Amino acid sequence: MKNKKRAMLGVLALMLGGTMSLGAFASCQGEGGSPTGGTKEEDPNAPHYSVTLDPNGGAFADGSTEAKTISVQEGFSIDWSKYGLVWEGNDHLGWMYAENEKPFPGARYVTEDTTLKARWSATEEKATYDLTLTIAGEELTLSYEAGVYQFYYTGEIYGGYTKRGALYTVYEEELMANAKKDDGSAQRILYRAESNYVEATGGEVYALFYNDGAFELFYKYMFQGKWTDYSMLMGYWTNKGYTPPYQAPEAPQASQGICMHEGWEVFYTVEEKPSEGETGETEEKPVEATTAEDAKEIYTGTCSNTDTMRVVFFDDNTYQIQYDLSGQGASGYYAVGTYAYTKDNGLDVGVTLTENEDGTLSFTVDQNTYLVDPVALGVQPKAEAREIYTVGATNSKTMRVVFFDDNTYQIQYDLSGQGSSGYYTTETHKWSLVDGKLDVEVESVDKGDTVEFTTGGNTYAVTVADLAAALN
Amino acid sequence: MKLFSKKLWTACSSVFTSAFAVMIAGTIVANFFYTSLNAFFACDTYKVVKGDTNENTNRYPDEWAGYNDWFEAYERELCEKTEGEGAVLLKNENNALPLAKGNNVSLFSHSSVDIVYSGTGSGSVDAASAPNLKKAFTDRGLNVNEKLWTFYNTGEGSKYKRKVPSLDTCSAKGSYEVNETPWSVYTDEVKASFRKFGDAAIFVLSRSGGEGGDLARTNAVDEGMNGDYLALSAQEKEVLAQLKKYKDDGVFGKIVVLLNSSNAVNCNFLDDEKYGIDACLWVGGPGAYGTNAIADILVGNVNPSGRLADTYLYNNLENPSLVNFGDCTYTNAAAVGLTDTNDTNETNVNYVVYQEGIYVGYKYYETRYEDVVMQTENVGSFDYASQVYRPFGYGGSYTTFAYSDFTVKETSDSFEVSVTVTNTGSKAGKHAVEIYMQKPYSEYDKEFGVEKAAVELVGFDKTQLLSAGKSEKVNVSVPKEFMKSYDANEAKTYILDQGDYYLTVGTDSHNAIDNILEAKGFDTDGNAKMAKKVATVNKVDTKIYSESLVTGEPITNHFDEADINKYDGISEQVTYLSRSDWEGTYPKSTIQLTATNQLAKDVLDEYVPGVGYEKPVYGASNGLTLAMMMGKDYDDPAWDDLLDQMTFEEQEQLVVYGFHNTRAVASIGKPSTMEENGPQGVTKSFMGAGSAGMAYPAETVMASTWSKEIMTEIGDCLGIQALKSNVNGIYGPGANIHRNAYCGRNYEYFSEDAVFSGLMMAPEIRAIQAHGVYVQMKHFALNDQETHRGGLMTWANEQAIREAYLPAFEIGVREGGAKGAMTVMNRIGAIWGGAHYGLHTQVARGEWGFDGYTITDYSSSSNFTSVINGLSAGVSLWDGYTYGETNTPKLKDLSDDNYACQVLREGVKRILYVQVNSSAMNGISATDRIVPILTWWQSALIAVDVVLGVLAAGSWVMFVLSQKKEK
């Protein structure tokens, strides 16, 4: 019995010892070497060169404004600390060869007699503002104008593979109004600053200001089929007369990727974002739904632009956008989103469907395009307009016109050149065919067999007989 | 005692065991990403154990060490100087420029507050310190309309932002969008401010571009552009038209346009009466401090001396390469089994045909122009004046220059050209002297399909700052070798053609051809005195240039399989653009190609091991270190003894895991190295490099300086910055060709002319490498579009490849002494460019004497960057952290394959040979040893593993003991 206890205590001691060794082990590491070259000593007998230093408008520390000639041993650099220069209102920016005004590197060895001139520039005053932003101990340079601060910062993404440089804009009044409204509750986002970096696909760069005195720069982009807010880094902010009501328990660390203040509350009213300009494009969203537990998979469609995404249709009129986990060292699929669909009167997945030439249907969710075989899925034909005639533009490989039997036609752009598939409809018009005369709403030229019209800079030649035949 | 509770130890043993298992798995995963993690944490991976020596091992010292603030000031001035000499005055009616100091100006367009400093992607630079236009203009004494500025910057106008595509590995998704502030948004208050700031309306026209995404030609989304991103949008047109109205009403004195784009925009609006534009300054991508130089030019502190590196057209679609650019797919791809369409990994269904052959940029416009003047048969309808807005080499000035005493002296291997340049105006200025050659277009050429441009740039130089009335004699040496042409069909080598050869000094490519035409007796605007017939060859000579002047290697065809007409993999034949029949051969529509089964087989690029190779020695103890090889010839037998010391695994890992670094090798004392991106400056690195260097203006602006002196200074600073950032090699400069204006990455490349690109790049390379920092010229070669760049099949004939694309790299090697190159992601014909033996071994090494090493472009996600095939072709290093999923065997599985072992050994030797003579060896002497160490994170993981292992094992023992106890 005693032995057993002793044995157990022994094991415990071993475990403790093993744990203790961690510190010791770690502390042995990290002895990098940084060798230095040989050292040199002054030798009065060695060759020396004379270097003339022209203060060029400034003055040496002793007040003299005349050029000085000094002697420097071969293979030595000039000890600049002995020749400090001053010129009120100017910054000394080094030296240049008097001969050609090429800069003279500060640590360069002297190898010949030389005349050098001082380089100067006017001192720029650094403005101080109420707002300060600090990243990794360094204060960012801000510009300020009429209540608006701006700063430029280049953040790294994908672990540094590439960068997102952006000009951020902070409206001081809004930031402080939100700060004032804040009652001091923990973990609140006070303000969101937009930047000038915007991607056509919806990606953007922005900054969040928190009520613990931290701010964080984000790049929003699509990852594994989901919009992801990638934290590029974090810093501190202060504003004169403002003390953060909530103090972070620890100093925020510079982060890479992971949001440091996940789940913090936005409590102020978010103003509507400015419209998307003239294009008026808004992202289509399918209707969210929940797949019943006993629902059966009836069809799986592929994603045309990535192998890791797929779409799975269930028999309870829901479908899931799924992400293949095998690339992540796991197995199976992760449902990124679940949505409703119907297939009784044509397929309706809640977003625009494109009928491809091979009869498959495609639709886009979160910028990924999925292919569906309507026959395999058991889609009932739609009683609506059907495509009856298609012809490509005569002057473009990517544009085409599609005529429907409901007397509309669409100008479509082939997305395959955009790393996507399917077509994007740029214009929709009406058409009519009366007594063999085709009217397409825009100006057209009758060329006998064909009618040619131009819209959006592209020309389409419609063979009227084929269109008429297709209608019947 | 609770310590012995069974429950406690059940819990402990399961918790610790799970944690141990998780940690072990984590450790395995972490070690898989060894290279990336080291890069990320900037770890020391080795230590130097010093030998007994006092040798000064600081071979490539940072001469600015300790004086970083002085260096920064120098770089800032250099950045300004580059923009100041690179910006091109395209138009200046009635001396609208310079403006007077104290002028009140209004800056228009949303881009005026948000200019494009460079481009997007890996070459993008940090513009954090960049002064905006308002600050730059105000500092130079102009008064800027604050109300209008605020309107764009933070007011109603700020809602309109330029949009760019989103880059994902190889390809960028989405489009470039202008999204300019519409006139309807301008408030009355803003409009009322114009009069007070009416001395000049300055309109900033910006266009972006970048990696992975070309510019739209037919599908740009902004209104009014007709799908062409380089045209004006409806909003821009309206604002410009409104400015004209205000000018007519006397509100604005003049209208000035700043072209802030590295891609040439359509210039048709510049002379359009609707807009009444008085002056236009092309500024390109100005980098961090270029805005100061723009302001200096506007107020006359600097006299512009930049000259175009591209032909500027009224309409960019009128370019013979345009119909064969971008997105082309084999009509029958799927039918022959070509189905890869994933732009991130690879496509094998897309292609591009360089149907225009050698007629890239000015070589088309000036040549067809000459044929129009000479009334050559089949010249067709071609009106130079309505297509070309400003020729290649054009640039305005605030003064005027005149040439005199144009002389040419012949030596055994060169023409020594000299001309006196006199400043005949009233302001001091610099002037670039451009020397062009005309080679004869002979009957031989017509018979055998050799093409000739009417003029080709063969040399240039720039004067110093000449004050009014002062002259300078400029000498340019033109190697006679420029007289050669490549005959891919009959002689299958370079020939010296029969006929007359001319040299001329031209103010631009058009003036050059006019001078030659005058000398030939035609009536043009040229000056016959500025052109000279320098040689007449009576009979075609197929011998004189048939051997490399560098190596003596016989020169013959190596790109037949990239020429559709000589390759079985494509059903069609292509008619290349030919001077013999302009009308009949001008590319009018996209060539639709049909693939054959041969192509489907060839794209697989199966691995075929060489036979008769011996197994190299591994793991020998010869006592050598890499440092002992410093300065030794590549052929020195000691290399073999050194390589014998390495293991197969060491060699394999050195070559495969080269993402922005190369690994340390214990057996030979090789230190690790770091490499970074950098056409526009050394970029900030997550590889442990220090801070980012100066963001210089885009390469296109550098080119437009026509100053080798500036290129030397930039190279010098890049080298110093690399030393400061602990970077040993730079992924740059870029030397692909502006085949047309739509390539997304044009800002990272110099020009449409390959010889000019090479002549500008060579001094930069020399200067960078003088600091022990090696370059990787990119992208070698034929990566002249971004669309489908991962796998795109590029089809071109051999004369075009050798004359219009390769000379940039060739001059980089022969004159710049480049020690490195980076491959392309696309294919040359059916073969991935990194596995093209002809390019890398027969041409680069065999003909040019290239003795550096070549790295691939980013390789991890690709499924075509085969290591074994690349090594066989002469490429040495993979820019990745893991193998791509290629269909050839992985190198690590080929340790029993003697041929694979030998090509691997050769690749390793290439890397070592460059690095041993570089800054990588700073601090290391021959007697030192390099000892790889566990990085801190590896140590930490092992420590945690050990502790958890002990805890788990202990808990199990305790669990067993406690169970026994309970019994």
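At what angle do helix 3 and helix 8 of chain B pack, and how far apart are their axes? The legends below take this up, starting with some notes on the model.

This is a predicted model, in which local features need pLDDT of at least 70 and side-chain atom pairs count only at pLDDT 80 or more, while totals for chains, interfaces and linings use all residues. Residues are numbered from 1 along each chain as its sequence is written, and chains are lettered from A and ligands numbered from 1 in the order in which they are written.

**View 1. Helix 3 (residues 68-86) packs with helix 8 (residues 290-299) in chain B.** The angle is about 45 degrees and the axes are 7 Å apart (axes are lines fitted to C-alpha atoms over the stretch in contact, with angles from 0 to 180 degrees between N-to-C directions; helices are DSSP runs of H or I, at least four residues, numbered from the N terminus).

**View 2. Residues of helix 3 of chain B meet residues of helix 8 of chain B.** From helix 3 come B:Cys79, B:Glu80, B:Glu83 and B:Gly84; their partners in helix 8 include B:Ala293 and B:Ile297 (contact: C-beta atoms, placed from the backbone, within 7 Å).

**View 3. Domain 2 (88-305) and domain 4 (603-931) of chain B.** Their C-alpha centres lie 38 Å apart (domain bounds come from an automatic or database domain assignment). Here, 30 residues of domain 2 are in contact with 30 residues of domain 4.

**View 4. Domain 2 (131-266) and domain 4 (387-471) of chain A.** Their centres, taken over C-alpha atoms, are separated by 49 Å.

Note on methods. Two residues are in contact if their C-beta atoms, placed from the backbone, lie within 7 Å. Helices (H or I, at least four residues) and strands (E, at least two) are DSSP runs, numbered from the N terminus.
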